[in-house]
Amino acid sequence: MKGANTRARLLDVALEQFGERGYGGTSIRDLASAVGVRESSVYKHFASKQALWDALLARTTQDFDRESARLRDSLAKSPGDASLVRLEFLAETVLAFFRKNPAAIALRRLLVVAQNQDPGVGQLLRDRCANFPLGLLTDALRQAGIDETEAELWGLQLWGPIYLLIDVAADDEQRAHVLLRRHVADFHARLAA
């Protein structure tokens, strides 16, 4: 395995292992073994385990940011009303992003495991996986004509259960879809009242 390929493979394996075992539970020896190289080869590409972690976090965050920009652009092109159809579209799109987009899945998994080791990681998790989608939904509600302050409160009410559904129905797509539709219908009824 040559230079750039080894580096990329190390980052791929690090994503897997850090995502499963966390930073403290993953060793350079484990990573080298999984890639099929010597430990010294790892250090040719990364000065330390921390340097490997930093490179992995940077790559994963960049991937997420690129995909989240696509999501933002996609939602901005759809009509801006607060109809049940529109709210279902928004909710399903945001849920699918976090459940099916490889970049979103990878970053969230990595950050959830590592959030307690570094306050910066916890903040990154909140920024990308809570505040970003909340902002998307709040902006959509503002575009639908809901007052600025009210839009934020309604956005929280819409986003909270969706955020929980990312994990609650993790292995049951049908259950997630049923729960999401029921939540959005209830949300829409309260919003219209």
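At what angle do helix H5 and helix H6 pack, and how far apart are their axes? In this predicted model, H5 (residues 84-100) and H6 (residues 102-114) pack at about 65°, with axes 5 Å apart. H5 is therefore roughly perpendicular to H6, a label for angles of 65 to 115 degrees.

A quick word on conventions: residues are numbered from 1 along each chain as its sequence is written. Local features need pLDDT of at least 70, side-chain atom pairs count only at pLDDT 80 or more, and totals for chains, interfaces and linings use all residues, while side-chain values use heavy atoms, leaving out hydrogens and water.

**The H5 and H6 contact**
- Phe97, Phe98, Arg99 and Lys100 of H5 meet Pro102, Ala104, Ile105 and Arg108 of H6 (contact means heavy atoms within 4.5 Å).
- By class, this contact has five nonpolar, no polar and three charged residues.

**The nonpolar core**
- The largest nonpolar core has 57 residues, and Phe98 and Trp159 have the most contacts inside it.
- Such a core is a set of buried Ala, Val, Leu, Ile, Met, Phe, Trp, Tyr and Cys residues joined through side-chain atoms within 4.5 Å, where buried means under 20% relative accessible area (1.4 Å probe, protein chains only).
- Helix H7 (119-143) gives the most to this core, with eleven residues.
- Among the residues that Trp159 touches are Val94, Phe98, Pro133 and Ile166, not counting residues up to four places away in sequence.

**Leu153**
- Leu153 lies in helix H8 (residues 148-168).
- At 44% relative accessibility, Leu153 counts as partly exposed, the class between buried and exposed (over 50%).
- The C-alpha atoms of Leu153 and Asp127 are separated by 18 Å.

Technical notes:
Axes fitted to C-alpha atoms, helices over the stretch in contact; angles between N-to-C directions. Helix = DSSP H or I, 4+ residues; strand = E, 2+ residues; numbered from the N terminus. Parallel < 35°, antiparallel > 145°, perpendicular 65-115°, else oblique. Nonpolar A, V, L, I, M, F, W, Y, C, P; charged D, E, K, R; others polar.
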